[in-house]
Amino acid sequence: VRRGHPLDGPDPPSFEELLAYPMVGPSHADPHTTFINSIASASNSPYRTPHLTVDSFALSLRIVERTDTFSFAFSRYAAAPEFDETFRVWHDWSPVPPMLFHIATRVGWNETTAAKPLIEMLRLRIRRLSDDAPV
């Protein structure tokens, strides 16, 4: 949320309190969208997430900065000091379970010389995003 938002405070809001406001987010991102929508439905939230769909992170931030909407951001973005100046960041608040990331290949496919570095780079990047990310 932006600084000055009704939920801008040192303690994180409950998920139900957060869902009283519209969410800005990317197009359908299961399993999170289904999970968040089930909580929204159970808490009688007027919104189904995301309420505003934009696939540009920069645009999402501009909307959140100027309205009472909310959005989620990767921890590496939220860790930047300039991010914390504009937005309320509740570090270590994890209302949404970690999203699984899968790399699918054809059965019996042997990694080509060109594919090996790409697949290894993806594995390393996933590990850096989350210590708990399955690889």
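Asp68 counts as partly exposed, at 31% relative accessibility (buried means under 20% relative accessible area, exposed over 50%, partly exposed in between, using a 1.4 Å probe and protein chains only). Asp68 also forms a salt bridge with Arg2, with the closest N and O atoms 2.4 Å apart (a salt bridge is a side-chain nitrogen of Lys or Arg within 4 Å of a carboxyl oxygen of Asp or Glu). Keep in mind that this is a predicted model, where local features need pLDDT of at least 70, side-chain atom pairs count only at pLDDT 80 or more, and totals for chains, interfaces and linings use all residues. Residues are numbered from 1 along each chain as its sequence is written, and side-chain values use heavy atoms, with hydrogens and water left out.

**The overall picture**

- Reading from the N terminus, the elements go α-β-α-β-α-α-α-α.
- Of the 135 residues in the protein, 27% are buried.
- Take the contacts with a separation of 6 or more: 66% of them are between residues 24 or more positions apart (contact means heavy atoms within 4.5 Å).
- The protein exposes about 9000 Å², and carbon and sulfur atoms supply 55% of that (accessible areas come from the Shrake-Rupley method with a 1.4 Å probe, and for residues only the protein chains shown count as cover).

**Arg2 and its partners**

- Arg2 sits in the segment before α1 (15–18), and with a relative accessible area of 17% it is buried.
- Leaving out residues up to four places away in sequence, Arg2 touches Asp8, Val64, Glu65, Thr67, Asp68, Thr86, Phe87 and Arg88.

**Other salt bridges**

- The count comes to five salt bridges.
- One of them joins Asp84 and Arg3, whose closest N and O atoms are 3.3 Å apart.
- Asp84 lies in helix α5 (residues 81–86) and Arg3 in the segment before α1, so this pair ties together parts that are 81 residues apart in sequence.
- Both ends are partly exposed: Asp84 has a relative accessible area of 31%, and Arg3 has 30%.
- Arg3 and Asp84 also belong to a network of salt bridges that includes Asp8 and Arg88.
- Arg66 and Glu65 meet through their side chains in another salt bridge, at 3.8 Å from N to O.
- Here Arg66 is exposed at 59% relative accessibility, whereas Glu65 is partly exposed at 38%.

**Aromatic pairs and a nonpolar patch**

- The structure holds three aromatic pairs (rings of Phe, Tyr and Trp, the latter by its six-membered ring, pair if their centres lie within 6.5 Å; planes under 30 degrees apart count as stacked, over 60 as edge-to-face and the rest as tilted).
- One is Phe57 with Tyr77: the ring centres are 5.0 Å apart and the planes are at 35°, so the pair is tilted.
- That pair links distant parts of the chain, with Phe57 in helix α3 and Tyr77 in helix α4 (residues 75–78), 20 residues apart.
- Phe57 is partly exposed at 32% relative accessibility, and Tyr77 is partly exposed at 37%.
- Phe70 and Phe72 form an edge-to-face pair, at 5.9 Å centre to centre with 85° between the planes.
- Phe70 is buried, with a relative accessible area of 2%, but Phe72 is partly exposed at 32%.
- Phe57, Phe74 and Tyr77 make a nonpolar surface patch of about 300 Å² (patches are made of residues with over 30% relative accessible area and no salt bridge; like charges are joined within 9 Å, and nonpolar side chains, meaning Val, Leu, Ile, Met, Phe, Trp and Tyr, within 5 Å).

**Ser60 in helix α3**

- Ser60 is in helix α3 (residues 57–66), and it is buried, with a relative accessible area of 4%.
- Setting aside neighbours within four places in sequence, Ser60 is in contact with Val24 and Val54.

How values were computed: Helices (H or I, at least four residues) and strands (E, at least two) are DSSP runs, numbered from the N terminus.
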